[in-house]
Amino acid sequence: MMPIDRRGLLQRAFVLAGATVTPGFSIDVLAAEVAGASRQLDARRFALLSALADTIVPRTDSPGAVDAGVPALVDGLLRNWASPSRRAELIAALDRIEGLAGPGGASFARLAPQVRHDLLTTHDAAALTPRPTEMPAAASLKRAPTVVDPNYGRPKQDPAEGKAPASLVGEAGGTARSKPPAVPSFMRGPVVADADYAKLKELIVVLYYYSEPALTKELPYEHVPGAWQPSIPITAETRPWGGAGNV
Amino acid sequence: MFDAIVIGSGMSGGIAAKELCERGLKTLVLERGRMLEHGGESYTDWMQPWELPNGGMIPEEELARDYPIQGQCYACTSATKQYWVKDSEHPYTTPEDKPFSWIRGYHLGGRSIMWGRQSYRLSEMDFAANATDGHGSDWPIRYADIAPWYDHIEKFIGVAGSKEGLPQLPDGEFLPAFGLNDAELMFKAAVEKNFPGRKVISGRVANLSQAQPHHEELGRTTCQVRSLCERGCSYGAYHSSLSSSLPAAERTGNLTIVTDAIVHSIIHDPRTGKVTGVRVIDANTKEGRTYEGKVIFGCASAIATAQILLNSKSEAQPNGLANSSDMVGRNLMDHVYALSVAGLMPNGPNTYYRGRRPTGLYIPRYRNVTEPGDGFIRGYGYQGGVSRMGWRNAALGRPGVGAELKERTRKLGPWFAYVGGFGEMLPNPNNRVTLHPSRTDKWGVPIVHIDCAIGENEHNMVGQIIADGKAMIEAAGGQVISTGSTPGTPGLGIHEMGTACMGKDPRKSVLNAYNQAHDVPNLFVTDGSAMASSGCQNPSLTYMALSARAAHHAAEFLKAGKV
């Protein structure tokens, strides 16, 4: 999106991580993830999921998705949370990653981290491209059931996972349609080129940011804040509060 | 024989039981659901984000099978599903073209465990509304009759709020308000400058911003600003039956609680014209039994109370108990809901906040108060807030992976303003709960049929709710990014009320000024059923005030031998 920024970020990651320009685990580490526990996914797909999670949220100066055990968590969701159709959709989205190196190319999990990053960046941008042409037919789109947030005075800026925040979704025919794709994710909801990839990415990202490593080393989280401070100054170190729900 | 039987242990039943017990009445509370204990196993407020089962999500097949209605509620998650009924076990019907989402919790404490805690008084304008415009039954009380009971309840439950001097939203006995953040103060200043007569205030909420000695006596402590309320609060920092009203009732030594007791009907003695007891079905064994009491309080919630009264028909009361007016089950109301406007405030202050405040901002009603309504009577208020967009949006709001994704998620998000309207719904006798002619639940009780839709006046509010929301966000320098202009399915406001309305005229209402059935002197109904109009304010505080007031009068009547 912004090459200059990205280069700057990567340079910083290089300095902080100190190893490779693009952070990422080696195939050996990813393979080790596979061993042991009984999985929903077979070993090949689990390695692929691990490589995907590692590419989306790599270890930098803080733990990444593999450090946080996200692949096993996603596998657990496939087994315990996903309906059969959802499971098939997510696995299909995962399988589409496998072939990113093209016909005859290496398995995604076996690619070097930098190659994985570049391939996935392209795939991610295409998969998350809004599909404005479908907006007028929004009613026919697969929509989650209405999500109610009586709100009781507190904004739910982040939709609950798996649910389209009905009260916040731009409506076909409303003002939202005439706007360019806006910043917030809820404006897009399922209306992207590859909704199943979007869901898979969301699960990986959300499980990472819910994880103990992320909430101790990446974003600040206080389970018991103890007091409400309506105004605090921002410093160079200030990061957004992490946690589930209302943050 | 009990002095009093209270049907239901939720918001209204808990307070009714406390007030009756404190007046020396041996009181039985009947709860159809299971026993829960404050701080017991059902509470999940200890769960860290990484401990949430399935990341907080209920398994999809289970959600579709057991919680298709309850799952529509924002607070129904894998950490709270123990508090919602399984729709698969508790069916009801609606006309195909009139869905109604009945959100329920069957356990000791009812929905007082998961409630949103917003606590607002109705005003003189609200109690006079039916008389003024002719809709519904004229309230048999006015603000002055209930004001001391609002004081009493606010003090007991603890309500954080600010005094504002607004006639349409009377002040109360408040604990310190949870303050507005800097962006909300900016929003407030802009709204109040550009729209004289409108106010932006801190949401009044039944969380102990500062626990008082009488709260601490019950084991309740100051709110820790976690916003995990709907998982049950081990600090007892928000009012619930489990943490607050039932313990207060219990310490009198006058309370008996029986759970798993589904009320089938209330027994009426045609010779005396009074009710004598309650028939219950054991939820587990399905055995029937009867409890006798001198006075009976209906606190089962609006739809369930109507169900019980209708199912208590007898030769003497063939239309259902206390239903000579034919108003039992009618005038079902909720609030017009889910109408919202959201925008970004790029000019927001360069500050942040700490803690997860258990409330937001509130904009009291101004339409048909200080500004006219465009084609409708009554009005609406807004709940909302301005907060920084969180990590989820930063991480997922646009494409990108890798170190860049992490880096951008470390940056503070833009200020995001959100207001959601709550509109008053007029009482309409055609919005109605009846008993299904043939279907019964697994305990043999006729299920309810709910036939309810928002009406013309409510539809006429929608445009102005959205337009005003946009105008206010834009006045504060915000850029509107989304609107939700389709009213939510009725029921989703979770403010159902009106099905046994209070009124002056026994031919047109069910309850008198003391929440006493016109037809049955020792029967009182103090849950949402009693509401003759809905106001646009969250109604629980009013249910509690009416419950306390009715308990006081019932005890007086008993003492005087009048019931």
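Colleague: How do β12 and β13 of chain B pair, parallel or antiparallel?
Modeller: Antiparallel, in this predicted model: three bridges join β12(B), residues 361–363, to β13(B), residues 380–388, in the antiparallel sense.

Colleague: What stands opposite Tyr362(B)?
Modeller: Gln383(B), in β13(B).

Colleague: Which sheet are they in?
Modeller: An open one of six strands in chain B, with the order β5-β12-β13-β14-β10-β17 and antiparallel pairing.

Colleague: And which strands stand at the edges?
Modeller: β5 (201–202) and β17 (479–484) of chain B. Each has a single partner strand, so one side of each has no neighbour in the sheet.

Colleague: Which strands does α5(B) lie across?
Modeller: Helix α5(B), residues 182–194, lies across β10, β12, β13 and β14 of chain B, at about 140° to β13(B). Helix α11(B), residues 456–475, lies across β10, β13, β14 and β17 of chain B, and runs at about 15° to β10(B).

Colleague: Now the hairpin of β15(B) and β16(B). Which residue there takes a positive phi?
Modeller: Gly444(B), with phi near 85°; five residues lie between the strands. The strands run antiparallel and are joined by five bridges, and Thr434(B) stands opposite His449(B) in β16(B).

Colleague: Over to chain A. At what angle do α4 and α8 pack?
Modeller: About 120°, with the axes 10 Å apart. The two helices are therefore oblique to each other.

Colleague: Which residues make the contact?
Modeller: From α4(A), Val70(A), Leu73(A), Val74(A) and Leu77(A); from α8(A), Leu203(A), Ile204(A), Leu207(A) and Tyr208(A). By class that is eight nonpolar residues, no polar and no charged ones.

Note on methods:
Residues are numbered from 1 along each chain as its sequence is written. Chains are lettered from A and ligands numbered from 1 in the order in which they are written. This is a predicted model: local features need pLDDT of at least 70, side-chain atom pairs count only at pLDDT 80 or more; totals for chains, interfaces and linings use all residues. Axes are lines fitted to C-alpha atoms, for helices over the stretch in contact, and angles run from 0 to 180 degrees between N-to-C directions. Helices (H or I, at least four residues) and strands (E, at least two) are DSSP runs, numbered from the N terminus. Angles under 35 degrees count as roughly parallel, over 145 as roughly antiparallel, 65 to 115 as roughly perpendicular and the rest as oblique. Two residues are in contact if their C-beta atoms, placed from the backbone, lie within 7 Å. Ala, Val, Leu, Ile, Met, Phe, Trp, Tyr, Cys and Pro count as nonpolar, Asp, Glu, Lys and Arg as charged, and the others, Gly among them, as polar. Two strands pair if DSSP finds at least two bridges between them.
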